[in-house]
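Hi there,

Here is the structure I promised to pass on, with my notes below it. Please have a look at it first and then read on.

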Amino acid sequence: MPGPVKNLPIGEILIEQGFINKQQLEDALAAQKKSSGKMLGDVMLEMGLVSESQLAQALSIRLKVPFVDLSSIKVDTNAVSKISEEVAREKCVFAFQYKNNRLFVATNDPVNFYIFEDLKVQTGMEIIPQISTKTQIEAAIGKFYSSQAMDSTMNELENEAGSGDISEDLEKAESEGRVDNAPIVKLVNMMVETAFRNQVTDIHIEAFKDRTRIRFRMDGELVEQDMKIPPSFHNSIITRIKILGGMNIAERRIPLDGRFGTRIDGVNLDMRVSTIPCVYGEKCVIRLLSTADDKTRKITDLGMTDYNYEMFKQIIRCPNGVMLVTGPTGSGKSTTLYATLGELSQPNVNIVTVEDPVEKKIDGVNQCQINAKAGMTFAAALRSILRQDPDIIMVGEIRDGETADIAIRAAITGHFVLSTLHTNDAATTITRLVDMGVAPYMVASSLVGIIAQRLVKLLCKSCKETYTLTDPNDLKLMNKKEPVQICKPHQGGCKACRGTGYAGRTAIHEIIVVTPDLKELISKDATAEEIGELARKNGTLLLRDNVTQMVLAGRTSIDELVKATYSV
């Protein structure tokens with residue numbers, strides 16, 4: 001058995017592998033001396049010098065223990081069941097393969113032989129440890145144990161349905177708080193946990209004549225889940241969710257809203273709930289929002305090209321003015337705004353936001369929640385904020401002429417204002433503000449930049465297929481006359497992309513920097529077409545230009561180009 005990790009020259013291996021340089025190692029060793037007994041690897045992880053995967057690979061080389069990538073291997077579910085979920089979570093281990101009485105176990109601590117001795121006693125098998133990252137092990141535990149638990153919960157539901165138990169009894173028991181182990185409670189918990197682990201943004205629970213349908217929105221698409229829930233349990237599921245969301249369980253005739261929080265795999269999760277009465281029962285949608293635990297992403301992580309990033313930097317350098325992020329619902333506007341605030345947030349700057357609701361809590365930023373019933377509207381909050389000595393103001397959304405007018409006046413009086421607006425492209429945003437009642441000269445003098453954006457799905461790197469595009473209509477969309485080689489999703493996908501052909505999404509942007517000649521044009525009450533034409537001359541790349549570059553680079557498909565930018 002190898003010696004303790006602290007005696008290993010892990011830093012030298014990381015240098016040999018090209019993961020860090022000598023200066024970074026010296027900085028990490030200095031930081032380790034100041035920390036109270038932390039291992040060097042943990043210190044380097046905290047400093048952001050290496051990734052978990054790089055550290056695990058270095059340990060694998062030094063200890064001669066194989067490295068296993070749990071995200072890409074085929075897991076044997078029989079092996080998983082040899083270790084209980086409680087033990088797997090407590091010891092941070094995951095059994096993924098079982099051969100000839102040998103159990104292959106992923107661990108992030110391969111030199112802790114006490115763990116393997118305990119597992120040997122518990123399972124009666126020879127334990128073969130392999131190195132993986134803590135994140136991968138926790139994700140695998142969440143995914144595989146929850147799918148097994150979901151199956152057993154569904155079996156319990158079917159048994160209860162068969163035994164003639166009615167949902168009203170369950171509802172009564174739930175409302176009295178007596179049923180932590182009731183199948184309905186377990187089912188709702190499992191649903192939320194499974195959704196979180198699959199990076200789902202919304203859960204849809206819908207009632208039909210002969211079934212309750214569960215759908216998850218993944219990468220912008222709704223995917224139906226294989227859950228056969230008897231329709232008699234629909235009301236119980238909705239009641240359980242209403243209890244969690246602090247909503248009125250007796251009211252089923254009108255739409256209701258609520259919210260609740262939970263903690264899954266060490267991450268705090270905030271959920272918004274909305275119900276609406278339908279023909280066969282209430283439809284419920286749960287929106288999953290990650291909280292402050294999930295660090296605010298940087299603009300450069302959101303898919304902005306270097307060319308667009310340079311234009312973006314020109315906008316945020318302005319000491320005052322209005323910057324608008326536009327696009328339809330679910331196009332990532334809020335994420336871009338939060339990333340912008342992350343870039344602007346400094347100890348010497350006072351940032352105040354007005355949001356409905358506050359989706360992500362940012363350290364060092366004063367965030368105000370709208371409460372229309374109490375009179376805290378966007379317009380009222382904005383007026384008060386101007387008396388709070390702000391440098392930067394973020395307004396969640398400009399919904400009416402009054403809010404638009406105050407935001408523009410705030411910019412003219414020396415503040416930098418960030419906000420969002422629902423328009424299809426950057427040029428239309430200007431005419432929309434004028435339509436809202438803001439005078440063209442006011443728009444011209446206050447506006448410094450507009451970012452229009454969409455989200456497009458990325459092709460799965462493991463299974464995408466290359467082909468030659470010959471359709472003249474599609475070629476015209478891409479401004480091409482000759483056939484071109486591009487990629488498309490593989491029919492049926494693969495394991496890595498869950499059979500969809502796509503893996504993840506990225507944002508595409510269209511940025512207008514409001515230059516003096518553009519200001520002059522806006523003040524003359526120009527049309528969106530005239531503004532768009534001048535912006536293109538000034539260097540603005542259209543959404544279609546950006547997504548065309550991605551299609552030609554094989555990152556996304558022609559279908560995504562049409563979906564993101566097609567207009568009649």
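The count of salt bridges comes to 20, where a salt bridge is a side-chain nitrogen of Lys or Arg within 4 Å of a carboxyl oxygen of Asp or Glu. Please keep in mind that this is a predicted model, in which local features need pLDDT of at least 70 and side-chain atom pairs count only at pLDDT 80 or more, while totals for chains, interfaces and linings use all residues. Residues are numbered from 1 along each chain as its sequence is written, and side-chain values use heavy atoms, with hydrogens and water left out.

One of the salt bridges joins Asp202 to Arg287, with 2.7 Å between the closest N and O atoms. It links distant parts of the chain, since Asp202 sits in strand 4 and Arg287 in strand 9, 85 residues apart. (Helices are DSSP runs of H or I with at least four residues, strands are runs of E with at least two, and both are numbered from the N terminus.) Asp202 counts as buried because its relative accessible area is 7%, whereas Arg287 is partly exposed at 30%. For these words, buried means under 20% relative accessible area, exposed means over 50%, and partly exposed is in between, with a 1.4 Å probe and protein chains only.

Another salt bridge pairs Glu224 with Arg211, the closest N and O atoms being 2.9 Å apart. Here Glu224 belongs to strand 6 (residues 221-224) and Arg211 to the loop between strand 4 and strand 5 (212-218), 13 residues apart. Glu224 is partly exposed, with a relative accessible area of 44%, and Arg211 is partly exposed at 34%.

In the pair Arg259 and Asp270, the closest N and O atoms of the salt bridge are 2.5 Å apart. Arg259 is in strand 7 and Asp270 in strand 8, eleven residues apart. Asp270 is buried at 11% relative accessibility, while Arg259 is partly exposed at 33%. There is also a network of salt bridges that links Glu206, Arg213, Arg215 and Lys283.

Now for the empty space. Rolling a probe the size of a water molecule over the atoms shows where such space is left. The search runs on a 1 Å grid over the protein atoms alone: a cavity is a set of points where a 1.4 Å probe fits but cannot get out, a pocket is an open set with protein on both sides within 12 Å along at least five of seven lines, and lining residues have an atom within 4 Å of a point. Grid points are joined across faces, edges and corners, and a volume is the space filled by probe spheres set on the points.

The second largest pocket has a volume of about 660 Å³. Its lining has 19 residues, and Asp257, Gly258, Arg272, Val273 and Asp356 lie nearest its centre. Strand 4 (202-207), strand 7 (256-264), strand 8 (267-278) and strand 9 (281-290) each supply at least two residues of that lining. By class, the lining of this pocket has nine charged, five polar and five nonpolar residues. In this scheme Ala, Val, Leu, Ile, Met, Phe, Trp, Tyr, Cys and Pro count as nonpolar, Asp, Glu, Lys and Arg as charged, and the others, Gly among them, as polar.

The structure holds one cavity of 30 Å³ or more. Which residues line the largest cavity? They are Asn235, Ile238, Thr239, Lys242, Ile249, Arg252 and Glu282. Helix 11 (residues 234-244) gives the largest share of this lining, four residues, and the lining divides into three charged, two polar and two nonpolar residues.

Cys92 has phi near 55° and lies in the loop between helix 6 (85-91) and strand 1 (93-99). Cys92 is buried, with a relative accessible area of 11%. Asp389 has phi near 50° and is found in the loop between helix 14 (378-385) and strand 13 (392-395).

Best wishes
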